[in-house]
Amino acid sequence: MIPRKLFTLAIWLGCAGMLLAQKSDITVSGTVIDDSNGETLIGATILELASGNGTATNEYGFYSLSVPAGKDSVSIEFSYVGFQAKTLRILPNKDVTLNVRLGTGVQLQEVVVKANSYQERMRSTEMSVEEISTKEVKVIPALLGETDILKTIQLKPGIPSGSEGTTGLYVRGGGGDQNLIVLDEAVVYNANHLFGFFSTFNTDAVKDLKLYKGGFPAQYGGRLSSVIDVRMKDGNNQRFAGTGGIGLITSRLTLEGPIQKDESSFIVSGRRTYVDLITRQVNKANEGNEDYNPIPDYYFYDLNTKVNFTLSEKDRLYLSGYFGRDVFGFEGDFFDFNFNWGNATATARWNHVFSPKLFHNLTLTYSDYDYNIETRVTGFSFKVGSDVRDVNLKSDFYYNLNNDHTLRYGGNVTRHSFGVGRLKAGSDDGEVSFSGGDDYTGLSLGAYVADEMSFGGHWKINAGLRLSGFYNDDKFYAGIEPRLAALYNVNEGLSLKASYARMYQYLHLVSTSGIALPTDIWYPSSKQIKPQYSDQIAIGVEKLLGDKYLLTNEYYVKWLNRQVDFVDGARLFANDNLEQEFAIGRGYGYGMELSIEKQEGKLKGWIGYTLALVKRTDFQPIDPTRLFSGAGTSFFPRYDRRHDLSVVLMYDLTRRITVSGTAVYGSGDRTWLPVGRFTFQDVYGADFQPIVPIYGERNAYRLPYFFRTDFGLVYKFFPKWGESDLTLSVFNLTNRRNAFFLYLEPQYAEGVDPEENPLAIPTGVAAKQVSLFPIIGSLTFNFKF
C-alpha cells in the first residue's frame, strides 16, 4: 500500500510549485486542429525546440506550454501522427494564443511520421494504456465485414476476449462488469449488439478510443479493471461531407458539415442491420404452409448525433447523443414473443478557457439502459424487464502551472435509478395477476486532485488522490483511492515506468452467464452488499528500436476484494430477495505483457503476448443455508487464460491495394464439468431412474486452445466525387472450429436407441464441443465524399 504521507507530500509539492512559478515565463496556449475538417487533435505534441520542453494536447484538444520570456524569438513545433509537422516562431514578450491547424499535405510521396508519437508516449507517466485509430480498424479484417473498434482493441496484449467472436473484455484478471465504458463522458452499461458479437460503437462516428488497463488517472473511478474512453467526432466545420458503407448484414451512413463555417458543425451517423427485411419476405412467401416454421425477426440500429458551437475565443459548447437498440421478435397464431434492449446517452459539455494556464470542462450526462421481454399466449401475457438510469454532473479543471507542474482537479455527482427484475403477468380477463421486482435509487460522489511533476529532466511523477462515495438503502460508503505513476527517462530511447492504483466499484452486475447478455442486471451496493475494491501495482519498460519500432514490456499484480458471485442454483429472475443469492469472496491476478509495434511505413502492425494467471478464493454465501461449490477454497474463473498471442499486420501493396491479416492464439477458457454421476434406483419406481451429475472442483477443466487467422484486402477507388473502396474480409481463414462451450451427451451400448427405449440407462457420457463460426467471407463497399 502507498503511505498516506506520500500523497500529502505530493499535494505540498504542488502548492510549493505554485509559489515558485517563474514570473519570467510566458505561456503559449490554444488548440491543435485537423485542417481538413476542424476536428481537435487529441495527444498532439507541442515542443519548444531550443529547450526541449514540451507538452501534449488534452482530451479536448487544448494545450498550455511555458517558454522563457525574452527578446529573442523561439521556435515551437506542432506534430501529430500522420500529419505534417508545423514549426512557428514567436516573440516571447507576452502570453500568446496559437490555434494551430495541421494537414496531411498533398505530396507524391508518403508523409513520413518520425518517432515523435513514440517519444511523447515515452515522456508521459501514462502506462498500461492502449490506443487504436479508426484508420487501422477499417483495414483489419472483421466478422461479416462489420468493423468494430471494441473487438479490434481485444487484439492488444492484456485484453483477452470472453468467447469466440464476442466483445466481452476481461482485463488483467477482472470480470466483464469491471470495465468503465464511456461515450463522450456518458456511461454505456451494455456495449453489445447481437448478444455480444458486435459492439455499439459505429466506427464512422468515433474519433478516438483510449483504454486504460492500470495506472488509472485520478479523474476516473467506479470500476476495478479498465477504463474505455470513447470520443465521438465533432463534425466537419469546413465543408459538407459524408461516409458510408453497404455490407453483408448492415449498412451505415454518416453526414457532417458546418452550421456556420469555422464556428459550428453537426454530425449524424446511423447504422442498421437488414436481415429482418429478408426474413419477413421469406415468412410472407410461406404463409399458409403448415410445414413451415416462421423465422424470427431480428435487427439492431445505432444513431449518433452531435452539434458543437464556438461561442467565443474562450468558450465552446457540445451537445451529443447516442441511441441504439436490438429487437428480436416472433409472431405466431397462438404465441407472440418480443425481446428488445438498448442504450441511450446524452451529453452537454461546455469548455471554457479562464486563462492561458487554466482550462475548464463542465459536463452533464444522461445514461439509460433497459431490456424488456414480452410474451403473449392465448389468454395470458407475461412481461419482464430491468433498467438503470444515470444523471451525472461533473466539473474538471486543467491547470498548467509551469512545465514542471500540471494540476488536474474536479468532481462529480451521479444519481442512479435501478429497476431490478420487474415482472408482470396475468390473464387477459384479469382473473389471474401477479407482479414482482424492486426499484432502488443511489447517489455517487467523487472528487479528485492530481499533480504531474517533473524533476531534473529525467524524473516525472503523477501523484493523485480520489475520494469516492455511494449512498443507498440508508447506508453510505466512502472510499479513498490513491493513484501514483512514475517515469524515469533513461534517454530518448528508453523509459522505465511504475504505477499504483486503488479503485472502488459500487455497482455490481447480476449474471450467471459467461457471456454478456442483455438480461444481465446492475445492482447497487447496499447494507449487505459492500462495494468492491482493487489494488494494482505495475512496472514496465519502453524501448525504441531504431526510430520505427516500440517495444513495451509490463508486469502487474492485482488484488480484488469483495468480489461477487452467486450460489448454486441462484434465482436471479423476479426475485424480491436477490441479495440472498450472492456469494462474496476475494481474487487476485498477475501477469506479464509484451508487445512490439510499428506505426509508419508500408508495413504496420503489432505483435502482443500475455502470460497471466487469475484466481478467486474464500467465497462464502451471504445466506449460510445456501450452497456455493468451492466455498472457502481457491478456484479459477472461466476467463483464466494462461497464454494469449496476437499478430496484426497491415501492408500497403500499392496506392490502391492494402492487405491485412491477424492471427490469434489463446489457451482455452475454463469450464466446469461433472466428474461422475449417480442414479436413483428403486426410488421413483422402475419406470423412472434419474441420473444426477457429480461436479468436482469449480472450473477445473480447460477448453481446447483457441486459434484463428483472418485475412483482409482493401481495393481503393478514386472517383471524381470522393473516395471509395471494396473491402474483402475472410474470418477464420483456416476454418478451425474453436470451442464456444461444451455439453455432455449420454452414451449407450451398441444397438441401443434411447428414442425407442426411453428407459435405457447410459453406459457413460462424452463431452461434445459447440463451435460457432466456420470460415466466413464478406464484401463491403465503402464510400466517402
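1. Phenylalanine 582 counts as buried, at 0% relative accessibility, where buried means under 20% relative accessible area, exposed over 50% and partly exposed in between, with a 1.4 Å probe and protein chains only. Phenylalanine 582 lies in strand E33 (residues 582-598); helices (H or I, at least four residues) and strands (E, at least two) are DSSP runs, numbered from the N terminus. Leaving aside neighbours within four places in sequence, phenylalanine 582 is in contact with Val510, Tyr523, Ile529, Val564, Asp565, Phe566, Val567, Pro621 and Ile622, contact meaning heavy atoms within 4.5 Å. From C-alpha to C-alpha, phenylalanine 582 and glycine 479 are 22 Å apart in space, and they are 103 residues apart in sequence.

2. A word on the basis of these values: this is a predicted model, in which local features need pLDDT of at least 70 and side-chain atom pairs count only at pLDDT 80 or more, whereas totals for chains, interfaces and linings use all residues. Residues are numbered from 1 along each chain as its sequence is written, and side-chain values use heavy atoms, with hydrogens and water left out.

3. Phe582 is also among the residues with the most contacts inside the largest nonpolar core, which has 48 residues, and the others in that group are Tyr189, Tyr371, Val510, Trp522, Tyr523 and Leu578. A nonpolar core is here a set of buried Ala, Val, Leu, Ile, Met, Phe, Trp, Tyr and Cys residues joined through side-chain atoms within 4.5 Å. Apart from this core lies another, of 28 residues, including Ile140, Leu169, Leu183 and Phe201. Tyrosine 189, not counting residues up to four places away in sequence, touches Arg223, Asn343, Ser367, Tyr369, Val388, Asp390, His416, Leu507 and Trp522.

4. E21 is joined to strand E22 (residues 358-377) by 19 bridges, and the two run antiparallel; two strands pair if DSSP finds at least two bridges between them. E21 and E22 form a hairpin with four residues between them, and glycine 342 has aspartate 370 in E22 as its bridge partner. E22 in turn pairs with strand E23 (residues 380-402) in the antiparallel sense over 20 bridges, with tyrosine 366 partnered by valine 391 in E23. The hairpin of E22 and E23 has two residues between the strands, and glycine 379 there takes a positive phi near 85°.

5. Histidine 352 is found in strand E21 (residues 335-353) and is buried, with a relative accessible area of 15%. Its side chain reaches the backbone oxygen of lysine 314 at 3.5 Å. Beyond its neighbours within four places in sequence, histidine 352 is in contact with Lys314, Asp315, Leu358, Phe359 and His360.

6. In helix H5 (residues 275-285), the buried residues are Asp276, Thr279 and Asn283. They cover an arc of only 60° around the axis, which puts them on the same side of H5, the arc being that of the directions from the helix axis to the C-beta atoms. These buried residues pack against strand E18 (264-273) and strand E19 (297-312), while Ile278, Gln281, Lys284 and Ala285 are exposed on the other side of H5.

7. An open sheet of four strands has the order E3-E2-E5-E6, with antiparallel pairing. Strand E3 (54-56) and strand E6 (86-90) stand at the edges, each with a single partner strand, so one side of each is left without a neighbour in the sheet. Strand E2 (residues 45-48) pairs with E3 in the antiparallel sense over three bridges, and isoleucine 46 stands opposite threonine 55 in E3.

Key. A polar contact is a pair of N or O atoms within 3.5 Å; within protein, one must be able to donate a hydrogen and the other to accept it, and residues adjacent in sequence count only if both atoms are side-chain atoms.
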